[in-house]
Amino acid sequence: GHRAPVTAPSERVSDILAAHEERTENVRALVDGPTTPVDVMEGLFGDLPITEYFAGMSEAVGHLDVLEARGAVTARERGGLLVYEPSS
């Protein structure tokens with residue numbers, strides 16, 4: 001979507017996967033100490049309009065979930081907030 005018709009689907013899929021992997025690495029770099037999903041969202045997108053918070057937060061949490069599944073970050077609850085830290 002959002003582009004011309006896809007004539008080489010396998011190349012397009014590879015491009016999308018590479019972009020997601022790059023974004024996941026950007027998120028990993030943002031988690032350099034106790035980091036909330038809001039911190040990640042702001043680090044990725046800066047000052048989003050409130051109407052874009054759901055999409056921004058969804059993307060931030062999705063990448064944090066991938067990193068947690070890979071063992072790269074650990075999530076803990078602190079003071080009622082979910083905080084991510086690099087795994088040791």
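Which residues is Gly 33 in contact with, leaving aside its neighbours within four places in sequence? They are Tyr 84, Glu 85 and Pro 86. Contact here means heavy atoms within 4.5 Å.

The structure is a predicted model, in which local features need pLDDT of at least 70, side-chain atom pairs count only at pLDDT 80 or more, and totals for chains, interfaces and linings use all residues. Residues are numbered from 1 along each chain as its sequence is written, and side-chain values use heavy atoms, with hydrogens and water left out.

The chain contains three helices and two strands. Their order along the sequence is α-α-α-β-β. Helices (H or I, at least four residues) and strands (E, at least two) are DSSP runs, numbered from the N terminus. The C-alpha trace spans about 50 × 30 × 15 Å along its principal axes. Of the 88 residues, 23% count as buried. Buried means under 20% relative accessible area, exposed over 50%, and partly exposed in between, with a 1.4 Å probe and protein chains only. The accessible surface comes to about 6100 Å², and 54% of this area belongs to carbon and sulfur atoms. Areas come from the Shrake-Rupley method with a 1.4 Å probe; for residues, only the protein chains shown count as cover. Among contacts between residues at least 6 apart in sequence, 43% join residues at least 24 apart.

The chain carries 7 positive and 15 negative side chains. Lys and Arg count as positive, Asp and Glu as negative; His and the chain ends are not counted. The centres of the two sets lie 4 Å apart. Each charge is placed at NZ of Lys, CZ of Arg, CG of Asp or CD of Glu.

Strand S1 (residues 73-78) and strand S2 (residues 81-86) run antiparallel and are joined by six bridges. Two strands pair if DSSP finds at least two bridges between them. Ala 75 has Tyr 84 in S2 as its bridge partner. Glu 77 stands opposite Leu 82 in S2. The two strands form a hairpin with two residues between them. In the turn, Gly 79 has a positive phi of about 60°.

The loop between helix H1 (9-30) and helix H2 (37-45) holds Thr 36. Gly 33 and Thr 35 are found in this loop as well. Gly 33 is buried, with a relative accessible area of 15%. From Glu 11, Gly 33 is 22 residues away in sequence and 36 Å away in space, C-alpha to C-alpha.

Thr 35 is buried because its relative accessibility is 4%. Not counting residues up to four places away in sequence, Thr 35 touches Leu 30, Val 40, Leu 82, Val 83 and Tyr 84. Its side chain reaches the backbone oxygen of Gly 33 at 2.7 Å.

Thr 36 also counts as buried, at 17% relative accessible area. Beyond its neighbours within four places in sequence, Thr 36 is in contact with Leu 81, Leu 82 and Val 83.

Conventions: Polar contact = N/O pair within 3.5 Å; in protein donor to acceptor, adjacent residues only side chain to side chain.
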